[in-house]
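This report considers one residue position in two copies of a chain, and then the way in which the copies are arranged. The structure is shown below.

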2 protein chains.
Amino acid sequence: MSVRDEMLEMARLAKEASYGVSRLGTDVKNRALEEMASAIEKNSGFLKEENEKDLEGAAKGGMSAAMMDRLTLSDKVISGMAEGLRQVAALPDPVGEVTGMRRMPNGLVVGRMRIPLGVIGIIYESRPNVTADAAGLCLKSGNAVILRGGSEAINSNRAIARVLGEASKRAGVPAGAVQVVPTPEREAVLEMLKLEEYIDLIIPRGGEGLIRFVVENSRVPVIKHYKGVCHVYVDEYADMDKAEAIAYNAKVQRPGVCNSMETLLVHEKIAGEFLPRIHERYKSAGVELRGCAKTVGILKEIKRATEDDWAAEFLDLILAVKVVEDMDEAMAHIARYGSLHTEAIVTRDYSNAQRFLREVNSSTVLVNASTRFSDGFQLGLGAEIGISTTKIHAFGPMGIEELTTRKFIVYGEGQVRE
Amino acid sequence: MSVRDEMLEMARLAKEASYGVSRLGTDVKNRALEEMASAIEKNSGFLKEENEKDLEGAAKGGMSAAMMDRLTLSDKVISGMAEGLRQVAALPDPVGEVTGMRRMPNGLVVGRMRIPLGVIGIIYESRPNVTADAAGLCLKSGNAVILRGGSEAINSNRAIARVLGEASKRAGVPAGAVQVVPTPEREAVLEMLKLEEYIDLIIPRGGEGLIRFVVENSRVPVIKHYKGVCHVYVDEYADMDKAEAIAYNAKVQRPGVCNSMETLLVHEKIAGEFLPRIHERYKSAGVELRGCAKTVGILKEIKRATEDDWAAEFLDLILAVKVVEDMDEAMAHIARYGSLHTEAIVTRDYSNAQRFLREVNSSTVLVNASTRFSDGFQLGLGAEIGISTTKIHAFGPMGIEELTTRKFIVYGEGQVRE
């Protein structure tokens, strides 16, 4: 069978399954998630064996140690997958919620009911644990899912899918609700992106190259974020202790993730006091600073930032620093170089706080808190399937509610239109 | 300047304007809408002159009378545009609404604030009044808009844009907030669809050919509906009078629009009584019926429906009719041939009504009411910018709220992540 036919068959099966999954009661879905968690634990030996094949292949191919680490299904990663599935079982079921019921002048009663999207395609790289996480979130929200992991993890992903598929079937979930693309060819992704009749949404997770490839080739709607160029603006009226704690945490606590800070903006009136102070802290953590002319005037030993640095997602212990004349300049800098991900202001001033919240239209905007809180768990969504920096459908961290939509429902008593 | 450069310049100007528009107060936006309405009325002579040029061109090109009618800016159409703008001024402003504020265990207070999408592209055919309607809705929701009407209406659209642009500028709306693509070349649409950095959403309105062209070529997210193949299911327990009124209204009241019924499904237990009765009504209105084998067994004189008829959007006084064994068969037929637009059940049975509402996942589902109510005004949205039959971002009729999104806002007191 050709890759095209294989993908078409998977997508048809997923569409068919999606009708059944959308109608499952919450109790059935939760039981299935518990069964899936137990099955992951019971089959850890099998999962590690299959993972070993991928690791051997990766080692032969000269994969870096960091990438090998992400590819490994350790006992900790396996019990993390099981725990994740149990957490999803504990989340409220978004499907069936009815909101906004109102009586119209003609007596029609109109509202909206939350329903699953249908079939979701997830395209991701490296980490095989995404297979279990995404399968759990899609099932809980009543969707069928087609998972397409990287070719380097193909044996691990197939093994996880097999274990999850058998367990969910035992609990009454229709066959085809959770499928993993079994072929390593990239052509499979291209074919998947054409199936707009069967797949309702594609979520790519991975590097910018993968995501651009998906956006350029997809006829199916895509929700994604390219990168996180997040800012902290230390206002003229900032509390110095809070500013230091937040600027340090946002850069250093986990520099390799998308919600860490990449550029620090400092009001010129406090730059002389704040910059030397935070520079000491950063030095102790090995952070390299790259500054604008005014910054370099204060911190003589650091490098000048280039134009590229302002738009860079370093994902590392490197930070661009700019001194600004006022909040307008800070907000203009964010609008120009930011990626609509996450921005924070540190201030004691009421009006500046409110104005920053109102006028900065990134997906998460914080006052007096670290950018690192921009995360589905931290913001109370209970889980995270991805982050969106485009404004359509979802903006910011996406939980299971973002895997649903709302239809209009209308209760009538024989009304017709005049 | 090349078409590419021209589109890029328009999009840049729109992006720049969108920051200003997103911050306008409700009072400024409403004053601008009132000014725009008055300007349309005052300049009706100029608008009709420019429209005359399009009509002359269309007549030379041999355009059909129906299309010529849609292209015409009559006094009635012009006062309708003004009235539409005043109605939009009267709608509540969705921008700035804050919902779901909750205190997290660490003291962060997290919620969401409604914000505009940014820059919206509308691609449409024939009716120049869409120019004013769409401009009003985009302005009220805080967005900049780029309008691209059909080349046959280019003089009318440019004239409307000029009048609206001057009036809105007098009221304090940034230049570039409302722009009409001035070139008739189709290449302009292609270039527009590539500008994902500047345009946040494309809404195509027109025939299926135009919409497929947009979907296949766009890197910008698209919200659309291809067609409306809407169903009415007359249940075993239907009230006969209501069933007759609804089935008649859904087909006959305005057959050329997307929310009119295209296929009637009738439970076999009542088909013998209901079909002859509704057939009489339909005959009086000149409706041509095309039936399944069982239908033809009851209504001997009608034609057999072909496989194509079940999927057809007739947009005319033609109706496909099928007798079904039960509600499951009706719902399976809708899932197979429907377009996710609008479906209605007529029944007195409580459980069948509830089940149909729950399990039919089209964008609008009605009990005991005509499909013709699937419309933004009728469902209480106050206005309609389009209809979506894909589930991403919006599903069903779209009002001004669907031209916005929500960002996360977070009030902290110095919190950092552990």
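With 20 C-beta neighbours inside 10 Å, His393(A) counts as buried, because a residue is classed as buried when 20 or more other C-beta atoms lie within 10 Å of its own. The model discussed here is a predicted one. In chain A, this histidine, His393(A), is found in the loop between strand S14 (386-388) and strand S15 (396-398).

The backbone of His393(A) deserves attention. Most residues other than glycine have a negative phi. His393(A), although not a glycine, has a positive phi of about 75°.

In chain B, His393(B) is placed in the loop between strand S14 (386-388) and strand S15 (396-398). His393(B) also has a positive phi, near 75°, and is not a glycine. Its 20 C-beta neighbours inside 10 Å mean that His393(B) counts as buried.

The table lists the values for each chain.

| Residue | Phi | C-beta neighbours inside 10 Å |
|---|---|---|
| His393(A) | about 75° | 20 |
| His393(B) | near 75° | 20 |

The arrangement of the chains comes next. Two copies of a chain are related by a rotation about an axis and a shift along it.

Finally, through which surface do the copies meet? Of the interface residues of chain A, 100% are also interface residues in chain B, so the copies meet through the same surface.

Terms used: Residues numbered from 1 in each chain as written. Chains lettered and ligands numbered in written order. Predicted model: local features only at pLDDT ≥ 70, side-chain atom pairs only at ≥ 80, totals over all residues. Helix = DSSP H or I, 4+ residues; strand = E, 2+ residues; numbered from the N terminus. Buried ≥ 20, exposed ≤ 12 C-beta atoms within 10 Å, placed from the backbone. Contact = placed C-beta atoms within 7 Å.
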